Amino acid sequence: MISLSHSRATGFCAIAPAGVEVGCDLETVEPRSPAFLVDYFTDEEQLLVARVPAATRNHVLTLLWSAKESALKALRCGLRSDTLSVNAAPADFLRTRGEGWHRMSVAHITGATFHGWWRGSRDLVWTVVAGPPPLRLVALQL
């Protein structure tokens, strides 16, 4: 399976073997309105955003949005499905530093859980999820 995303002049592609649902997303970090948070994010995600310092709020909101989009792509429905049907949980977001890849998971209301990775780089957030969980992430950069 393959998943594609882009933001501005940057593209992103995730490829997984047959039988693995995969989704990826690439988002530009930018300010979003309080209404965006209330309309598209679960209570748990809203609490996470409220706990982060104001200086990193746009980054974490973009990360959660990107993780949701990745999971909805893996489910092959994209944004046709309600974003409240998935709940993103980046592991140790508050303690994570650097531009490396970090673990995360996204749970769907059906009970399906997608495991994956996220990465922040300059003004971009990259996410990729898969189900069943992949054994490893192999990142190639051109």
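This is a predicted model: local features need pLDDT of at least 70, side-chain atom pairs count only at pLDDT 80 or more; totals for chains, interfaces and linings use all residues.

Mentor: A search of the whole structure finds seven aromatic pairs.

Trainee: Why is the pair of F36 and Y40 called tilted?

Mentor: The ring centres of F36 and Y40 are 5.3 Å apart, and rings pair if their centres lie within 6.5 Å. Their planes stand at 50 degrees, so the pair is tilted; stacked would require under 30 degrees and edge-to-face over 60. Both residues lie in helix α1 (residues 34-40), four residues apart, or about one turn of the helix.

Trainee: Are F36 and Y40 buried or partly exposed?

Mentor: Buried means under 20% relative accessible area. F36, at 15%, therefore counts as buried, whereas Y40, at 35%, is partly exposed.

Trainee: What makes the pair of Y40 and W65 edge-to-face?

Mentor: The planes of Y40 and W65 are at 75 degrees, with the ring centres 5.7 Å apart, so the pair is edge-to-face. Y40 lies in helix α1 and W65 in helix α3 (residues 57-74), so this pair ties together parts that are 25 residues apart in sequence. W65 itself is buried, with a relative accessible area of 10%. Ring pairs link F36, Y40, F41 and W65 into a cluster.

Trainee: How do you know that strand β7 is largely enclosed by the rest of the structure?

Mentor: Eight of the eight residues of β7 (residues 124-131) are buried, so the strand is largely enclosed. Both of its faces are covered: L124, W126, V128 and A130 are buried on one side, and V125, T127, V129 and G131 on the other.

Trainee: What makes β3 and β6 strands that pair with β7?

Mentor: Two strands pair if there are at least two bridges between them. Strand β3 (residues 21-28) is joined to β7 by eight bridges, and strand β6 (residues 113-121) is joined to β7 by seven. Each of these strands runs antiparallel to β7. V128 of β7 is the bridge partner of C24 and also of W117. β6 and β7 form a hairpin with two residues between them, and R122 in the turn has a positive phi of about 55 degrees.

Trainee: How do you know that R119 lies over the face of W126?

Mentor: R119 is at 5.9 Å from the ring centre of W126, and the distance cut-off is within 6 Å.

How values were computed. Residues are numbered from 1 along each chain as its sequence is written. Side-chain values use heavy atoms; hydrogens and water are left out. Rings of Phe, Tyr and Trp (its six-membered ring) pair if their centres lie within 6.5 Å; planes under 30 degrees apart count as stacked, over 60 as edge-to-face and the rest as tilted. Buried means under 20% relative accessible area, exposed over 50%, partly exposed in between (1.4 Å probe, protein chains only). A charge sits over a ring if NZ of Lys or CZ of Arg is within 6 Å of the ring centre and within 35 degrees of the ring normal.
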